[in-house]
Amino acid sequence: MNFPHWTEAIHWILFDFTFVYPLFMAWFWMVAGLMFWIKHEWRVDPKVPPKLKAYPPITIIIPMYNEGDTARETVAQVMRQKYPDFEVIVVNDGSKDQTGAILDELMLAYPKLRVIHQAENQGKAIGLDTAAVFAKTEFFLCIDGDALLDEDAAIWMMWHMEHGPRVAAVTGNPRVRNRSTILGRLQVGEFSSIIGLIKRAQRIYGRVFTVSGVVVLFRRAALHDIGYWSPEMLTEDIDVSWKLQLRSWDIRFEPRALVWILMPETLIGLWKQRLRWAMGGIQTLGKYAPLFFVWRCRRMWPVYLEFLISVIWAYLMSAAVVLWALGALGASLPSWLWVATLLPGFNGLLIGVTCMAQIGVSLFIDSRYDHKLSRVYSWMIWYPVAYWILNTATTIWAVPKTLMRKRGSRGRWTSPDRGAHMLGAPASVATSAQAGPGTP
């Protein structure tokens, strides 16, 4: 077989690959996600949590920074857990608002609650490490400061720990609760069609890129084995997932362990969040690149390659846009670099149909846990374009920003964007969460 002329190879990489790659990944995620659903979900009643042989005590850890608007409802919902033996540790990570005072007040109302006040913002990883030192139990259920944890979540997650001594972490199923804006509705679909479906697919080949830091149950012995969380990482959940799996610990996905979360509903807030996610992924690629050549780490190779190729794809997409812009401005380009239009033709139509099929499959799967998902499907027609633009832009900016970041500096957090209608949405959604995972 003769290798094509180098100009033909460049043309294929720039144009054919950018078209084939998202199609291939979409169908892979759909097929593998359905395989996971058939094997682990469709015969199980999500309204009936499993019976455990034992209920070992757990510690629910909640790191908070400037969560004065959400602290009360988060703690109140956690206290409704049906798990029989648990304590709650909240780490106030140097908040500058009324978070500390509210938590001190809540300690008087809830005997199971302990609060650790840190003098200054140290970052989420330090907050988790600090709580682990003070925790009295073998298992840590970690959630975010805006999360409403379903009453049965701990039981669903602990089932995996009981049946798998090498299970280090069980990640749950986050559901977006602020849905009053277009951005909110798009993210509802995204958490099913992208995040949830990818986790299902990755579990089919045995390794996941990351747990969902907003809801995950850890085994202390596994965390001790890897040295707990890394303060310098921007996304501590990605890093801890890799450290655990590279030490041959297993990570499971439990779709019935629900948690209701708030997401950004402004473009600036969404950009900051996704840029941090992208930078955390890039940081992970750099940190663990040498292990890609170690044979004993081969089970992580597909996860590494999947993310690496997605970064390369983002740059190829941006290159195609630049070439089109140059041509539109009258630049003289060789034929093999000519991009006639960015308007979707047959290829764009095929990608769009595939994307909507992927979204339909994922919403069908997750509709058992969130009965209102069908309402967002019509809004998802905008998602392919919006997601590609956002993903491409944040990835491109994340690479140099990560490379220029001072090595060893801590991954501190700033006040998050909790949505434009944060205070109006939680009540009705909290009622749904309290009623159990199968309740509409």
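Leaving aside its neighbours within four places in sequence, with which residues is methionine 380 in contact? In this predicted model, which numbers residues from 1 along each chain as its sequence is written, local features need pLDDT of at least 70 and side-chain atom pairs count only at pLDDT 80 or more, while totals for chains, interfaces and linings use all residues. Side-chain values use heavy atoms, and hydrogens and water are left out.

Methionine 380 is in contact (heavy atoms within 4.5 Å) with Arg185, Leu186, Gly189, Glu190, Ser193, Met356 and Ile359, once neighbours within four places in sequence are set aside. Methionine 380 lies in the loop between α11 (346–366) and α12 (383–404); helices (H or I, at least four residues) and strands (E, at least two) are DSSP runs, numbered from the N terminus. Methionine 380 is buried, at a relative accessible area of 0%, where buried means under 20% relative accessible area, exposed over 50%, and partly exposed in between (1.4 Å probe, protein chains only).

The discussion now turns to strand β1. Seven of the seven residues of β1 (residues 58–64) are buried, so the strand is largely enclosed by the rest of the structure. In a regular strand the side chains alternate between the two faces of the sheet. From β1, Ile58, Ile60, Ile62 and Met64 point one way, Thr59, Ile61 and Pro63 point the other way, and all are buried. The chain passes from β1 through helix α2 (residues 71–78) to β2 in a right-handed β-α-β crossover, a term that applies if, with the strands pointing away from the viewer, the path from the first strand over the helix to the second runs clockwise.

Strands pair if DSSP finds at least two bridges between them. β1 runs parallel to β2 (residues 86–93), joined by seven bridges, and isoleucine 62 has valine 90 of β2 as its bridge partner. β1 also runs parallel to β4 (residues 139–143), joined by four bridges; here threonine 59 is partnered with phenylalanine 140.

Finally, the cysteines: cysteine 297 is buried, with a relative accessible area of 5%, and cysteine 355 is buried at 12%. A search of the whole structure finds zero disulfides, defined as pairs of cysteine sulfur atoms within 2.5 Å.
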